[in-house]
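This report examines helix packing and charged side-chain pairs in a single protein chain. The sequence and the structure are shown below.

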Amino acid sequence: MKDLGFTHRFVPAATPGQGGRTLLLLHGTGGDESDLLDLGRALDPAAALLSPRGQVLERGASRFFRRLAEGVFDEADVTARAHELAAFIEAAAVPYEIQVEHVMAVGYSNGANIAAAMMLLGIAPFRRAILFRAMVPLSNPPATASPAAQVLISEGRFDPIAQPENGQRLEELLRQTGANVDLIFQSSGHQLTENDVAAAQQWIVSIA
Ligand code: MLT
């Protein structure tokens, strides 16, 4: 569906009602709005799912912001795109009857990076986020405060792209905003594993 500024999919909760969670699914480079639907269902079978497609095309691969090279981000574009995506989430909340305070972002790689950027900029319309294979999207973010935020960062110990120090630096930056951050490492590379999913399921239960 193309409206509200982003091509996206929305899957309503099985039993819609007050206080229901919506997972905001943010795919990795080359993914699309369908990529993480199964992951979302595995993480919370009862949640509604909102899944936008990144608007940047890099040689045909969709992304959420421009990069200059692998791991080298166009930070002006990161900031502009983070604002666009935050506006999309606020706009989508109206027709889909999403309660923004119950949105949890779930991002993988490039999708985790745009979620982290929204949090570091203090414009995230969500307070909870699961960031798989995240990097540091803004080298020198402004001082912002999100004291109620809760974040799980799940990295791969042998990830050649989002190398472990990325997780540590991102944890530190998010903590500086007052967020509560859990950083975990899997015995894996950049790909998601069953252990990531199991750890995220447990984390969701632990913060409920
Ligand atoms: C990716 O391939 O998606 C990168 O490693 C992360 C990014 O560019 O944001």
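## Packing of α2 against α3

In this predicted model, helix α2 (residues 75-93) packs against α3 at an angle of about 90 degrees, and their axes are 9 Å apart. Because angles from 65 to 115 degrees count as roughly perpendicular, α2 is roughly perpendicular to α3. On the α2 side the contact is made by V78, R81, A82, L85, A86 and I89, and on the α3 side by I114, A117 and M118. Divided by class, the residues of this contact are eight nonpolar, no polar and one charged.

## Packing of α3 against α4

Helix α3 (residues 110-120) also packs with helix α4 (residues 164-176), here at an angle of about 30 degrees and with the axes 10 Å apart. Angles under 35 degrees count as roughly parallel, and α3 and α4 are therefore roughly parallel to each other. Their crossing is left-handed.

In this contact, A116, M119 and L120 of α3 meet L170, L173 and L174 of α4. The contact of α3 with α4 comprises six nonpolar residues, with no polar and no charged ones.

How many residues of α3 are buried? Eleven of the eleven are, so α3 is largely enclosed by the rest of the structure. The buried residues include N110, G111, A112 and N113, as well as I114, A117 and M118, which take part in the contact with α2. A116, M119 and L120 are likewise buried, and these residues meet α4. Just after α3, G122 takes a positive phi of about 75 degrees.

## Salt bridges

Side chains of opposite charge can pair when their charged atoms come close. With a cut-off of 4 Å between a side-chain nitrogen of Lys or Arg and a carboxyl oxygen of Asp or Glu, the count comes to ten salt bridges.

One of them joins R53 and E33, whose closest N and O atoms are 2.7 Å apart. This pair links distant parts of the chain, 20 residues apart: R53 lies in the loop between β4 (48-52) and β5 (56-58), and E33 in the loop between β3 (22-26) and α1 (37-43). R53 counts as partly exposed at 31% relative accessibility, whereas E33 is buried, with a relative accessible area of 9%.

R133 and D196 meet through their side chains in a salt bridge with an N to O distance of 2.8 Å. R133 lies in the loop between β10 (128-132) and β11 (150-156), and D196 in helix α5 (residues 194-207), so the pair ties together parts that are 63 residues apart in sequence. Buried or exposed: which term applies to R133? R133 counts as buried, at 0% relative accessibility, and D196 is also buried, at 0%.

A further salt bridge brings together the side chains of E58 and R67, at 2.7 Å from N to O. E58 counts as buried at 17% relative accessibility, because the cut-off for that class is under 20%.

From V205 to L183 the separation is 22 residues in sequence and 16 Å in space, C-alpha to C-alpha.

How values were computed: Residues are numbered from 1 along each chain as its sequence is written. This is a predicted model: local features need pLDDT of at least 70, side-chain atom pairs count only at pLDDT 80 or more; totals for chains, interfaces and linings use all residues. Side-chain values use heavy atoms; hydrogens and water are left out. Helices (H or I, at least four residues) and strands (E, at least two) are DSSP runs, numbered from the N terminus. Buried means under 20% relative accessible area, exposed over 50%, partly exposed in between (1.4 Å probe, protein chains only). Axes are lines fitted to C-alpha atoms, for helices over the stretch in contact, and angles run from 0 to 180 degrees between N-to-C directions. Angles under 35 degrees count as roughly parallel, over 145 as roughly antiparallel, 65 to 115 as roughly perpendicular and the rest as oblique. A crossing is left-handed if the near helix is turned anticlockwise from the far one by less than a right angle, and right-handed if clockwise. Contact means heavy atoms within 4.5 Å. Ala, Val, Leu, Ile, Met, Phe, Trp, Tyr, Cys and Pro count as nonpolar, Asp, Glu, Lys and Arg as charged, and the others, Gly among them, as polar.
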